[in-house]
Amino acid sequence: MLKTVFRFSLIIVALLVLFQLSNASLFIPSIPADVVIGIGALILISLGVYLGGNMKKKKVIEVSLKAEINKEKIKELGISQRELEVLNLISEGLSNQEIGEQLFVSESTIKTHVSSLFVKLDVKRRTQAVTRAKEWQVIT
């Protein structure tokens, strides 16, 4: 919260400085308008670089030393062996067509398995399914 307040304060200060520079160019005709525009541009660019550098997202990397599959959870959820294979291939980023080609089944069969997995894992998207499965240690 304090960082956000500080960032907005910096933006307000930069705008106030730019307004004062524009007023100075009106009252002191010896300052060319190009110089005022250049100074204003430098202030805004430096502020953007500073704020942009501080706004990087932190990457969270979770490393599990014991990456054992929870077979009890798989049985509890009622996930079949074929659905588990499909889930592993989804986690590798394969499309339904690619999964079907790899498992030698039709794309509609894969869609059925994916829909069943969504229900069993209580998710709506493939990425959510993979995340939930990893949280529950259904896949590694």
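Colleague: With which residue does E83 form a salt bridge?

Modeller: Please bear in mind that this is a predicted model. Side chains of opposite charge can pair when their charged atoms come close. For E83, the closest N and O atoms of the bridge are 2.8 Å apart, and the partner is K120.

Colleague: How many residues apart are the two members of that pair, E83 and K120?

Modeller: The bridge between E83 and K120 connects distant parts of the chain. E83 belongs to helix α4 and K120 to helix α6, and the separation between them is 37 residues.

Colleague: Is E83 buried or exposed?

Modeller: Buried means under 20% relative accessible area. E83 has a relative accessible area of 5%, so E83 is buried.

Colleague: How many salt bridges does a search of the whole structure find?

Modeller: Besides the bridge of E83 with K120, R82 forms one with E85, where the closest N and O atoms are 3.0 Å apart. The side chains of E76 and K73 also meet in a salt bridge, at 3.5 Å from N to O. The search of the whole structure gives a total of 3.

Colleague: Why are R82 and E85 separated by about one helical turn?

Modeller: R82 counts as partly exposed at 31% relative accessibility, and E85 counts as partly exposed at 30%. Both residues lie in helix α4, and their separation is about one helical turn because they are 3 residues apart.

Colleague: How many residues does the largest nonpolar core have?

Modeller: Among those with the most contacts inside this core are I79, L87, L121 and I139. The elements that give two or more residues to it are α3, α4, α5, α6 and α7. L87 is in contact with L117, L121, A129, A133, V138 and I139, leaving aside neighbours within four places in sequence. The number of residues in the core is 22.

Colleague: In which helix is the place of N96?

Modeller: N96 counts as buried, because its relative accessibility is 15%. Leaving aside neighbours within four places in sequence, N96 is in contact with E107, I110, K111, V114 and R126. The helix that holds N96 spans residues 96-103 and is α5.

Colleague: In which loop does F104 lie, and what is its phi?

Modeller: F104 lies in the loop between α5 and α6. At 75% relative accessibility F104 counts as exposed. Although F104 is not a glycine, its phi is positive, at about 60°.

Colleague: Which value is the phi of D122 near?

Modeller: The place of D122 is in the loop between α6 and α7. Exposed means over 50% relative accessible area, so D122, at 61% relative accessibility, counts as exposed. D122 is a residue other than glycine, yet its phi is positive and near 55°.

Key: Residues numbered from 1 in each chain as written. Predicted model: local features only at pLDDT ≥ 70, side-chain atom pairs only at ≥ 80, totals over all residues. Heavy atoms only, no water. Helix = DSSP H or I, 4+ residues; strand = E, 2+ residues; numbered from the N terminus. Buried < 20%, exposed > 50% of the residue type's maximum accessible area, 1.4 Å probe, protein only. Contact = heavy atoms within 4.5 Å. Core = buried A, V, L, I, M, F, W, Y, C linked by side-chain atoms within 4.5 Å. Salt bridge = Lys/Arg side-chain N within 4 Å of Asp/Glu carboxyl O.
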